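Some labels in a structure description rest on cut-offs. The questions below ask what stands behind each label.

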2 protein chains.
Amino acid sequence: MSQLGKRIARKIDKAILQFGLLEPHDKVVIGLSGGKDSLALTKILGDKGASERYPIPFDVEAVHVRTDFAEYPAGDDFLEIVKSWGIKVTVLEVPVKQRLREGHSLNCWWCSSQRRLEMARYAAEVGANKIALGHHLDDILETFLMNASGKGELSTMLPRMAYDKYPQTIIRPLAWTHEEEIRDYVRQLGLESFTCTCEWDTRSPRKTARRALEELCAGRPRAKDLMFRALANPVNRYLPEVVSEPSSRISDSQKMR
Amino acid sequence: MSQLGKRIARKIDKAILQFGLLEPHDKVVIGLSGGKDSLALTKILGDKGASERYPIPFDVEAVHVRTDFAEYPAGDDFLEIVKSWGIKVTVLEVPVKQRLREGHSLNCWWCSSQRRLEMARYAAEVGANKIALGHHLDDILETFLMNASGKGELSTMLPRMAYDKYPQTIIRPLAWTHEEEIRDYVRQLGLESFTCTCEWDTRSPRKTARRALEELCAGRPRAKDLMFRALANPVNRYLPEVVSEPSSRISDSQKMR
């Protein structure tokens, strides 16, 4: 494995230990979109699952949810490549567009919730208790900025999150891994062309948050790691405390809204 | 008073009530740098202090700390203008550069700490219990981004902060006011030229945070207000929770550092 591959593997180990992502004999289903993130995750987590020397023994397989609108420029080749790594891959056909309710238009939330639903169903079928997603450090920090400036709350995607509706737990082993590292690693593997393109993503507020994050962290290699560390380190003494809500007579604005 | 002036005054009232910035019969010293922010604060808070109809009676005066390096393109005219508003202004000469310890170079932290020290001394002399500073919403959000990406903590400048070393409490009545509103208001007053220029500020990481903030909030008028609201709204359920620290054997990185 390349130096970069080893570095990402160490960061995955760090996330697994730090956030308790895996318990011995977990059965993990990896969400394999066909994009660079899930390919890198499948390659490295698949290796760990296959290794008898890995301190935490667990089973792992991949599931690819095929929607009725995403395009795969390189076709299904990535499925064959993942199989060649010795990892079981199952394809689920999900007509996300068809399922849209009357008067609703397609959006990222609807698409991802439908894909999660199918993954949870599949995981239940095969008795998997964990669903691993390819979200990386940049995704988590972008979501943090989106939630702060769009929802008025300090919150983000969690490295480990129990589902409300389903028995499985979502895990994000790439929580410490930078998108740039994944891009370079996938290029090393010669898989850079395997990126499912989605016209919707380009329109999403995520792109704005991404530009802001790059602006904030440019030229400071540790800035993103520090920012992720900050998410687990709210210093309440140095966050504003509301002591009373203004009455509408004195202020025309809503409370802390 | 102009519509914009009234809007800023309402936002000051909102901050005063929401964060408990003023109690009846407080004696407030305003830090008057000569920049647009402190001029706008002095004008509007000075009016409130002078008004018998304002629900919270308080005394207010301004203090200008003169350093040995900042330049005042328009000279001392702003002092005369503030006096013409019926507000007492006291000038303190502080040789910030001269006070530098051997081997230390000038920086924003040193300069502001020296200026705060002198303001606290002056406040003690005149029996003031509050020191009002001109930091606005953008300053608070920029500090939040700087602390997250530079210190690894969720923290910022507080609208109300008790001093550790001194008996006074720092208040920031412009906490809800956007920098853009202040710029426009100062232009309305014909005081846009009264901005003390500081070569150091242009080099500070604040500029980077400012660009990131503008990138994040561009075209979304409510985004900054929502982000400020977020600072008082950490949703611990959706912030990462560290369950164990990786050992150096498995990870070469430090704990959440």
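This is a predicted model: local features need pLDDT of at least 70, side-chain atom pairs count only at pLDDT 80 or more; totals for chains, interfaces and linings use all residues.

Residues are numbered from 1 along each chain as its sequence is written, chains are lettered from A in the order in which they are written, and side-chain values use heavy atoms, without hydrogens and water.

Q: Why are S3 and S5 of chain A called edge strands?
A: In the open sheet of chain A the order is S3-S2-S1-S4-S6-S5. S3 (89-94) and S5 (160-162) each have a single partner strand, so one side of each lacks a neighbour in the sheet. Strands here are DSSP runs of E with at least two residues.

Q: How do you know that S5(A) and S6(A) pair?
A: Pairing requires that DSSP finds at least two bridges between two strands. S5(A) and S6(A) have three bridges, in the antiparallel sense, and A:Arg160 has A:Ile171 as its bridge partner in S6(A).

Q: What makes B:Arg211 and A:Glu215 a salt bridge?
A: The rule asks for a side-chain nitrogen of Lys or Arg within 4 Å of a carboxyl oxygen of Asp or Glu. The closest N and O atoms of B:Arg211 and A:Glu215 are 2.9 Å apart, so the pair qualifies. Across the interface of chain B and chain A the rule finds two salt bridges.

How values were computed:
Helices (H or I, at least four residues) and strands (E, at least two) are DSSP runs, numbered from the N terminus.
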